[in-house]
Amino acid sequence: MFGTLSYNKQKLIIIVSFLLIPLLLLATFTYYPAIKLVYYSFTNWDGYSPEKPWVGLDNYREVFGNPDIFKVFTHNFAYFAMGIVQNIVAIYFAVVLNSKLRGKNGFRIMLFLPYIMNGVAVAFMFGYVFDTTNGSLNMFLNSIGLTGLGQTSWLGTEGLVNYSLASTGFWRFMGYNMVIYIASLQAIPKDIYEAAKIDGAGSFQTLWRITLPNMKPVIQLNLFLTVTGALEVFDLPFVLTKGGPAGASQTYVQRVVDTAFAFNNYGLASAMSVILIFIVVVVLLLQQLVLNRGGDK
């Protein structure tokens, strides 16, 4: 069969054959569920009934007409703020561990290890850290004389709970971001640094004028992942606080899950999910607009 075909046609058949299965999997597990999600958002489906009554835009009207649904986005701000700090610290460690530091590979492994741990296991571990009476954090604060802080209920105080949870994400994901930044640093040509050194540039000038500008695409990617991750937080508050105290740590995704599985309103939950996707797209576009301002012309 292949003997009668030209080389270009044979190459095309091989390429299509290799791409067919990945594209089929992508369509089956990504695009098809996304289309069904949009469809369910226009229905009043309870999740198990074969009937899916069409309600049009009623679910979207309910979401936008209920301020309590969007109020939970304020709880996600702590994760965003901690994510920004996380990226700054990750860049710092990437720069330090990309230099000629003795034992740098060991430090890289130590900082990256938290990322490979299971998220639920990390949540349970930090549950013991933040425990009010026997938690290691309060015991440490009491041991150094900070008895006032040593009695703090880190997961039971409305003003602290989200930042306490976000600090867990900081500990887990900082090493992952650091590894990405190290890879970005290693892609910068060494000749640029040598030229800057000859011109008399100091360490700060080199970082500000050479390192960070060359890392800009990777910083943009990590910031996008940080923002979307902050909007989509679920596992930490679900495992540690169940959204408490008094709903102070409930995130938007938790609200979506509760709407679907606790109240059996899959139509409304689907509409909330579609709105979240739209918000993520808008945030991405705004981020690209802001970060690309003043770029290459």
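Tyr 40 sits in helix H1, which covers residues 7-40. The model is predicted. In it, Tyr 40 has a relative accessibility of 17%, under the 20% cut-off, so the residue counts as buried.

**Tyr 40 and its surroundings**

- Tyr 40 belongs to helix H1, and its contacts reach other parts of the sequence.
- Neighbours within four places in sequence are left aside here: Tyr 40 then touches Trp 45, Lys 52, Asn 59, Gly 267 and Ser 270.
- Ser 270 is 230 residues away from Tyr 40 in sequence.
- In space, the C-alpha atoms of Tyr 40 and Ser 270 are 6.1 Å apart.

**Overall fold and shape**

- From the N terminus on, the elements of the protein chain run α-α-α-α-α-α-α-α-α-α-α-α-α-α.
- The radius of gyration is 25 Å, well over the 19 Å that the globule rule gives for 297 residues, so the protein chain is more spread out than a compact globule.
- Along the principal axes, the C-alpha atoms fill a box of roughly 80 × 75 × 40 Å.
- Take the contacts between residues at least 6 apart in sequence: 65% of them join residues at least 24 apart.

- Of the 297 residues in the protein chain, 34% are buried.
- The protein chain exposes about 18200 Å².

**Regions annotated in UniProt**

- An unreviewed UniProt entry places the feature "domain: ABC transmembrane type-1" at residues 76-287.
- In the model, residues 76-287 are 75% helix and 0% strand.
- The end C-alpha atoms of residues 76-287 lie 17 Å apart.
- The unreviewed UniProt entry also gives the annotation "transmembrane region", which covers residues 12-32, 77-97, 109-130 and 266-291.

- Residues 109-130 are 86% helix and 0% strand.
- The end C-alpha atoms of residues 109-130 lie 25 Å apart.
- Residues 266-291 are 100% helix and 0% strand.
- The end C-alpha atoms of residues 266-291 lie 37 Å apart.

Conventions: Residues are numbered from 1 along each chain as its sequence is written. This is a predicted model: local features need pLDDT of at least 70, side-chain atom pairs count only at pLDDT 80 or more; totals for chains, interfaces and linings use all residues. Side-chain values use heavy atoms; hydrogens and water are left out. Helices (H or I, at least four residues) and strands (E, at least two) are DSSP runs, numbered from the N terminus. The radius of gyration is taken over C-alpha atoms; the globule rule is 2.2 Å times the number of residues to the power 0.38. Buried means under 20% relative accessible area, exposed over 50%, partly exposed in between (1.4 Å probe, protein chains only). Contact means heavy atoms within 4.5 Å. Accessible areas come from the Shrake-Rupley method with a 1.4 Å probe; for residues, only the protein chains shown count as cover. UniProt positions are given in the numbering used here, feature names are shortened, and annotations may be inferred rather than shown by experiment.
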